[in-house]
Amino acid sequence: MVNNRIVKDRLAQGVMFSLTIIAILFVVVMAMGLYLKSSPVLEGRSLFSLLTSSVWKPMKGEFGFLPFIVGTLWVTFLAILISFPISFLTAIYLTEYARPVVRRFVFPALDILAALPSVIYGVWGMLVIVPWISNHVAPHFMEFSSGYTVLAAGIVLGVMVIPLLVSLFIEVFTSVPAELREASLALGATRWQTTKKVVLRKTLAGLLAAVVLAISRAMGETIAVLMVCGCVIGIPSNILESCYPIPALIANNYGEMLSMPLYESALMFAALILFAVVLIFNLLSRIILYRIERREE
Amino acid sequence: MAIEIQDLNVYIKDAHILKNLSVTIPEKQITCIIGPSGCGKSTLLRTLNRLIDSTDGVRLEGKVLVDGTDIISSGPEITELRRKIGLVSQRPCPLPMSIFDNVAYGCRINKMYKRHRDLENAVHENLRAVGLWDEVRGRVRTPAARLSIGQQQRLCLARSLAVEPQYILADEATSALDPISSKTVEDLFVSLKNNYTIIMVTHTLRQALRIADNVVFMYLGEIIESGPAQQVFKNPKQELTQKYLSGAFS
């Protein structure tokens with residue numbers, strides 16, 4: 001009997017270990033697949049020119065990815081700019097100030113928001129945000145804007161990211177032991193002072209990790225952004241112009257022009273860029289996190 | 001000035017946690033609150049500096065007079081109260097900052113010193129008061145988390161002393177420490193009683209025997225007996241106290 005139990009334990013461990021390896025391998029295989037698929041477009045063109053050129057003429061075999069990269073960065077940056085302060089203060093309120101009754105109602109509401117399909121956010125953006133920008137915001141700055149802009153994409157994406165960011169922040173804040181807050185309160189500090197000087201300090205690394213995760217998610221968000229960004233190829237000079245982020249490019253075109261092998265390859269390369277940007281971003285944040293943690297100890 | 005507790009009742013949701021407590025805690029002495037687990041010792045301590053406010057569904061009745069002011073009815077203006085009453089918790093809880101900043105934290109929060117020089121002197125003085133100065137001089141700017149547990153607990157005491165409280169609450173402040181650190185901290189409390197009124201929750205009867213001037217014995221949310229340590233330990237009036245002291249239950 002005893003042996004049997006131990007065998008089962010070993011077996012379970014083995015199975016779970018294999019599954020973990022497979023999950024990691026998926027990422028590696030995907031990266032390799034993307035690289036192989038995008039090799040045709042890399043032949044005869046320098047990586048530098050692909051990344052820095054803004055000429056996009058697939059028919060002539062000219063592929064410049066700069067507009068798409070800039071579009072992605074613009075929209076993501078704007079989304080985080082909008083969602084960060086809101087999520088941050090909401091999470092502080094909920095963990096440090098709100099009564100448990102409030103939390104009991106707000107937490108499920110946040111979960112529902114997080115679970116809404118992104119196409120719904122897209123529709124909301126088209127029906128509300130786009131006309132609002134076109135009729136009320138843009139006229140202050142230019143003669144005409146369709147409303148399908150970087151700003152619209154940033155707002156929609158920002159709102160989408162809020163529930164994710166709030167729940168990540170809440171998780172980070174609740175990891176701070178109650179005794180630490182009490183130690184500060186017992187010295188005569190107010191809640192705000194305690195939050196500012198103890199809780200935020202203790203959670204700096206965690207907050208950064210949360211933001212990076214949110215940025216990674218935001219960079220890859222496709223459908224809601226695609227619906228409101230305008231999908232016009234070109235480098236936007238301000239947030240009231242249209243843009244064309246990488247995920248939208250891939251989703252819009254993949255499967256359409258596969259008769260042109262080079263075009264398919266270019267789209268695969270776009271996916272590889274997205275993959276690499278997110279990867280580099282995460283690596284950088286890991287390094288920063290490591291530095292912060294080492295400083296604390 | 002003493003702390004006077006009059007008919008204190010504490011409810012958490014439907015549970016009646018502290019029942020009709022009335023006791024006077026004399027000043028500049030060590031008062032030990034003893035009793036078995038779950039008798040309400042810690043709740044009483046947390047009521048005295050109103051940290052209990054953060055507990056969900058808590059309701060307080062009665063009076064707790066600190067320097068003649070009732071702290072139960074004094075509303076949310078409790079930061080000043082908390083500054084007057086230092087707290088040393090069971091596990092040492094250094095703030096996520098340097099040794100220096102830990103001790104300076106309360107002083108800065110309460111804007112006690114205008115000149116950095118004065119702040120520095122105060123920090124050093126309080127580190128000396130808890131016997132930590134010689135161990136940490138030269139590295140006061142390093143994170144407090146690098147200290148040993150025993151050192152951390154003394155640091156927490158220094159941090160409490162730095163805001164110049166009149167009272168010190170200690171919640172089983174030595175229970176997480178090794179025997180040597182435990183002895184050091186215990187001796188510290190004894191040396192501090194000339195200047196502070198100390199209220200200590202302790203789980204170990206021997207500790208109370210060693211250092212208490214006064215004893216409050218609690219059982220199931222009630223005060224069974226209280227008085228000078230000599231009297232309570234040598235001639236307990238209540239049968240329950242006798243049983244507890246003789247080790248019939250713990």
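**Close-up 1. Pairing of strands S6 and S7 in chain B.** In this predicted model, S6(B) and strand S7 (residues 167-171) of chain B run parallel and are joined by 4 bridges; two strands count as paired if DSSP finds at least two bridges between them. Ile85(B) stands opposite Tyr167(B) of S7(B). Strands (E, at least two residues) and helices (H or I, at least four) are DSSP runs, numbered from the N terminus. Residues are numbered from 1 along each chain as its sequence is written, while chains are lettered from A and ligands numbered from 1 in the order in which they are written. Because the model is predicted, local features need pLDDT of at least 70 and side-chain atom pairs count only at pLDDT 80 or more, whereas totals for chains, interfaces and linings use all residues.

**Close-up 2. The open sheet of chain B.** Six strands in the order S6-S7-S8-S3-S9-S10 form an open sheet in chain B, with mixed pairing. Strand S6 (85-88) and strand S10 (222-228) of chain B are the edge strands, each pairing on one side only. From one strand to the next, the twist averages 15 degrees (axes are lines fitted to C-alpha atoms, for helices over the stretch in contact; angles run from 0 to 180 degrees between N-to-C directions).

**Close-up 3. Helix H1 on the sheet of chain B.** Helix H1 (residues 41-48) of chain B packs on the sheet and touches S6, S7, strand S3 (30-34), strand S8 (197-201) and strand S9 (214-219) of chain B. Contact requires C-beta atoms, placed from the backbone, to lie within 7 Å. The direction of H1(B) makes about 145 degrees with that of S8(B).

**Close-up 4. The contact of chains A and B.** Chain A contributes 18 residues and chain B 23 residues. On the side of chain A that touches chain B, helix H7 (178-185) and helix H8 (191-220) of chain A each supply at least two residues; H7(A) gives the most, with 6 residues.

How values were computed:
Two residues are in contact if their C-beta atoms, placed from the backbone, lie within 7 Å.
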